[in-house]
Amino acid sequence: MVIKIFRNFFKRIFSNIFKNKKEIKLGFYGPPNAGKTSLANRICKDFTGEEIGKVSKIPHETRSIQFKERVEINYKGKTIIFKMIDTPGIATRIDYEKFLKYKIKKKEAKKRAKEATQGVIESIKWLDDMDLVVIVLDSTENPYNQVNITIIGNLVARKIPVLIVANKVDLKKSDIKKIEAAFPEYEVVGISAKYGKNLEEFYESIFKLSKKIK
Amino acid sequence: MKKKSENLGRIKGFSIQFLPYSEIRDLNSNERIRKILKIVLGNNILILQGKLTAEEEARLIGDTMAMIGYVKNFKGIELAVISGNGNEGFFGRMKKGIVNSLSGGDLGAITIIGPATIVKEIKRNPKKIELLLNR
């Protein structure tokens, strides 16, 4: 009996050590221009000193999957190693003419649109490989968007834990309650990736959700 | 005679097609998506009884993206699903589950899919849905 208790105790300790050493694949998903790269940059910069990708006001700035390996996040004395995966924004329509408004030349806009379509396809393919996903939504926009529902539906079908982040809470138009009402079954954390606001709550939720990874 | 693809981008001549769920019930995912895209590429707004699975929706988005740039004037789709709000409670969900399994799909849901050249935006909130068309 005593031997059994000791055996279980050591087994638990060793399994926890190895579990923590393994990288958790943390994906950032959401519609274009919600702030996925801004949030991933903020985390990477805080814990590695380097950013993951370029941000811009022009939608579809991230057009291919970007990685940052072995990002060790420390929170309240605990450490988890993540592989950060920043994905291109998922959209159902891409029109190169929309990019012309940002003073991009036609040829460049067409190239950007083509790359953006490939980016969406890549993001969808990568859904299978995630351990944990952060859905980044712009809290100034209407959350009742089919793309958001489709992404969450796919993650639920794959039993991947989901955290919803309501970004841009620093803006006047921000409405977290609307996001909470749209996704009542999920935890919603309001943050400002740009100003690093409320990231403590974000890390707490990520650490909590990490325990649910199967 | 003008090709169908040349008509994309014009609001004239679009139609609304209703597709009962029985038309896609026995199709596999590939066939369902092919059927839907064929209707949408024909300058139609599709109103589908029921809904696709989340995986099929993702595949539909992926296939749509693959067509942009290859089908003339095609800029993607607008998509919205109107379904129960999920607040039915345990017995409500159980009842819905039994009905759905007997009918082979969520017949209480409605899926709207239109080409982006015609449908500017599908605005939705819990209480209403608005279909905004391009002029």
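1. Let's start where the chains meet: 21 residues of chain B are in contact with 17 residues of chain A. Contact here means that the C-beta atoms of two residues, placed from the backbone, lie within 7 Å. Please keep in mind that this is a predicted model, where local features need pLDDT of at least 70 and side-chain atom pairs count only at pLDDT 80 or more, while totals for chains, interfaces and linings use all residues. Residues are numbered from 1 along each chain as its sequence is written, with chains lettered from A and ligands numbered from 1 in the order in which they are written.

2. On the side of chain B that touches chain A, α3 (54–67) and β3 (77–82) of chain B each supply at least two residues. Helices (H or I, at least four residues) and strands (E, at least two) are DSSP runs, numbered from the N terminus. The largest share of that side, nine residues, comes from α3(B). By class, the side has 11 nonpolar, five polar and five charged residues. Nonpolar covers Ala, Val, Leu, Ile, Met, Phe, Trp, Tyr, Cys and Pro; charged covers Asp, Glu, Lys and Arg; the others, Gly among them, are polar.

3. Now a look at α3(B) itself. Which of its residues are buried? They are E57(B), A58(B), L60(B), I61(B), T64(B) and M65(B), where buried means that 20 or more other C-beta atoms, placed from the backbone, lie within 10 Å of the residue's own. Down the axis of α3(B), these buried residues fall within an arc of 155°, so they line one face of the helix; the arc is that of the directions from the helix axis to the C-beta atoms.

4. What do the buried residues of α3(B) pack against? Their partners are α4 (106–126) and α5 (146–157) of chain A, together with α2 (29–41) and β3 of chain B. Just after α3(B), G69(B) takes a positive phi of about 95°.

5. Chain B also has an open sheet of four strands, in the order β1-β2-β4-β3, with mixed pairing. Two strands pair if DSSP finds at least two bridges between them. The edge strands, β1 (15–19) and β3 of chain B, each pair on one side only.

6. Inside this sheet, β2 (residues 44–49) and β4 (residues 110–115) of chain B pair in the antiparallel sense over four bridges, and L48(B) has T111(B) in β4(B) as its bridge partner. β3(B) and β4(B) are antiparallel too, over six bridges, with I113(B) in β4(B) as the bridge partner of L79(B).

Note on methods:
A residue is buried if 20 or more other C-beta atoms lie within 10 Å of its own, exposed if 12 or fewer, and partly exposed in between; C-beta atoms are placed from the backbone.
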